[in-house]
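I opened this model to look up a few things and keep notes.

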Amino acid sequence: MQEVEGNELVQRLVPTELSTIINIIRLEKVTDDVNQILNIFGSSSCSIGVLHHNQDVFINGFGVADKKAGRVPDKNTLYCMGSCTKAFTALALVLLARQNGVQLSAPLSEILPELSTPYNPEVANAATLADALSHCTGLASLLYALMGKQGAVLTKSEDVIHDFNNLPCVASLRSEWRYNNWPFALAARIVDRKSGRSWESYVSEIFEKLHLARTCTRNSDNDNHARAYMVLSDDTLVEATLPSLRGGDAFDGSGSLRSCVSDMLIWCKSLLAASDLPMTIQGSDFEIVPRVINEYSHTPGMYDLLQAMKIIQQPRCPLESDLDQSYGLGLFSLHLPSTSINSVTNAPQVTKSYILGAESSPRPAIGHTGDLGGFLSAYWTFPETKSAVVVMCNSTPGNGDPSNIIAELLIQALVDLNPKIDLVEIAKQANKAAKSQWDDAVTEWAWARQLKTRHKPLDTYAGV
């Protein structure tokens, strides 16, 4: 082994260490902005974690996760993660595909013979599992038609295939990207059937392999759990019931994840480790080059898991005409500069157009956002610098979503993106626009109202 002179070793180490110190200083400077953004949206708390050069460099908690207890959130405080669940469902199916349980490129009707989709037969006959996991089936989402009081899901797990069959068609197959929770509800049922065990059991094994010790798919009895809060129009916080969505429910594969900053940073490190694996494309499926030696090669099951994590990060369906802004399998696969980082959260509310990193070098960004009954979250990874940001908040999006704007604030500081966007001002715009949508809804209702008429028979409004 070649010896390294001391000064040569210092020359190798100092740039990275100095860079990390500078990054931490920039992150500490934006903590006041984090508090301002939380106050603008009226959010009770925020827990954040930042990774750089594969090291945890900044972890902090703001506000109170539980107002009654006065508990400040820490890296182990549990939050509901909503749609951040989707990557784990996609990962489960890729693992099954690698075990010959299913094929990502097979038509859905081959996997589920009872699938028919009469309003768009092309979906059952030609749509693949990969199409379903990348939001390009063209079927309507209709999620809120099946939501009950306090976010309860009225559809039962055993009814998912029947209800999926009857979703209206709003676009042709693969013609455009349309976010939809239904395909992930269907995907979880495929995991049930093809693995011979429940989706919850299957993904819990993934949590265990990755050492995600506090991650789960149902509410925990642990005291260190953020409470759910609804933010009223006057910014008053009202405690809400914790989301009932859990493993075994119809939409478990779409949004039942509970996790904390420490676990999600481990998840981000695993995604970044997976991004280093080389791969080829064979037909419509991605394949990992089989013999690659790294630190995980001799860990039972871990290398296969990382191979699957590489596959879910690959772009599948473009979000728009720019092919660099795409969705993979349960993950956004973007490139900065981009406006697409707000594709799911705050997009209708942000009135001022801005491009994050417009004058900075291009860089890939992989991650997702989440929203479920009093909780909002976002995480983004950056393979080139082995960096990541994780943000968790406990408030509803009715007044806008602080989590992804805080994530953008941290990203901008971490990798020194230019030009500098005033994200506090963006937060104010998003909050103002979000609040006005309720007045707009009442105005539209009043305009369409037909006075001196009676409602239809009540049973007309029952059912789906």
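These entries follow what I looked up, one topic at a time.

**Entry 1: the model.** I noted at the start that this is a predicted model.

**Entry 2: helix α9.** I began with α9, which covers residues 199-209. Which of its residues are buried? I listed W199, E200, Y202, V203, I206 and F207. Next I looked down the axis of α9. The buried residues fall within an arc of 165°, so they line one face of the helix. I recalled the general rule here. An α-helix has 3.6 residues a turn, so residues three or four places apart point the same way.

Entry 3: I moved on to β12, residues 363-372. How many of its ten residues are buried? I noted nine, so I call the strand mostly covered.

I then looked up its pairing. Strand β11 (residues 332-336) pairs with β12 in the antiparallel sense, over five bridges. In that pairing, F332 has G367 of β12 as its bridge partner. Strand β13 (residues 375-382) also runs antiparallel to β12, and seven bridges join the two. There I found D371 opposite L376 of β13.

I followed the chain through the turn. The hairpin of β12 and β13 has two residues between the strands. G373 in this hairpin takes a positive phi, near 35°.

**Entry 4: salt bridges.** How many salt bridges does the structure hold? I wrote down 13. The general idea is simple. Side chains of opposite charge can pair when their charged atoms come close.

I took D56 and K269 as one case. Their side chains meet in a salt bridge of 3.3 Å, N to O. The pair links distant parts of the chain, with D56 in strand β2 (residues 55-63) and K269 in helix α11 (residues 261-275), 213 residues apart. D56 has 41% relative accessibility, so I count it as partly exposed. K269 is partly exposed as well, at 26%.

R174 and D131 came next. Their closest N and O atoms are 2.8 Å apart, in a salt bridge. R174 lies in the loop between α7 (160-165) and α8, and D131 lies in helix α6 (residues 129-133), so the pair ties together parts that are 43 residues apart in sequence. Buried or exposed, where does D131 stand? D131 is buried, with a relative accessible area of 8%. R174 is partly exposed, with 44%.

I then returned to α9, where E200 is among the buried residues. E200 forms a salt bridge with R218, and the closest N and O atoms are 2.9 Å apart. E200 sits in helix α9 and R218 in the loop between α9 and β4 (228-231), 18 residues apart. Why does E200 count as buried? Its relative accessibility is 18%, and the cut-off for buried is under 20%. R218 is partly exposed, with a relative accessible area of 33%.

Salt bridges link R189, D192 and D252.

Conventions
Residues are numbered from 1 along each chain as its sequence is written. This is a predicted model: local features need pLDDT of at least 70, side-chain atom pairs count only at pLDDT 80 or more; totals for chains, interfaces and linings use all residues. Side-chain values use heavy atoms; hydrogens and water are left out. Buried means under 20% relative accessible area, exposed over 50%, partly exposed in between (1.4 Å probe, protein chains only). Helices (H or I, at least four residues) and strands (E, at least two) are DSSP runs, numbered from the N terminus. The arc is that of the directions from the helix axis to the C-beta atoms. Two strands pair if DSSP finds at least two bridges between them. A salt bridge is a side-chain nitrogen of Lys or Arg within 4 Å of a carboxyl oxygen of Asp or Glu.
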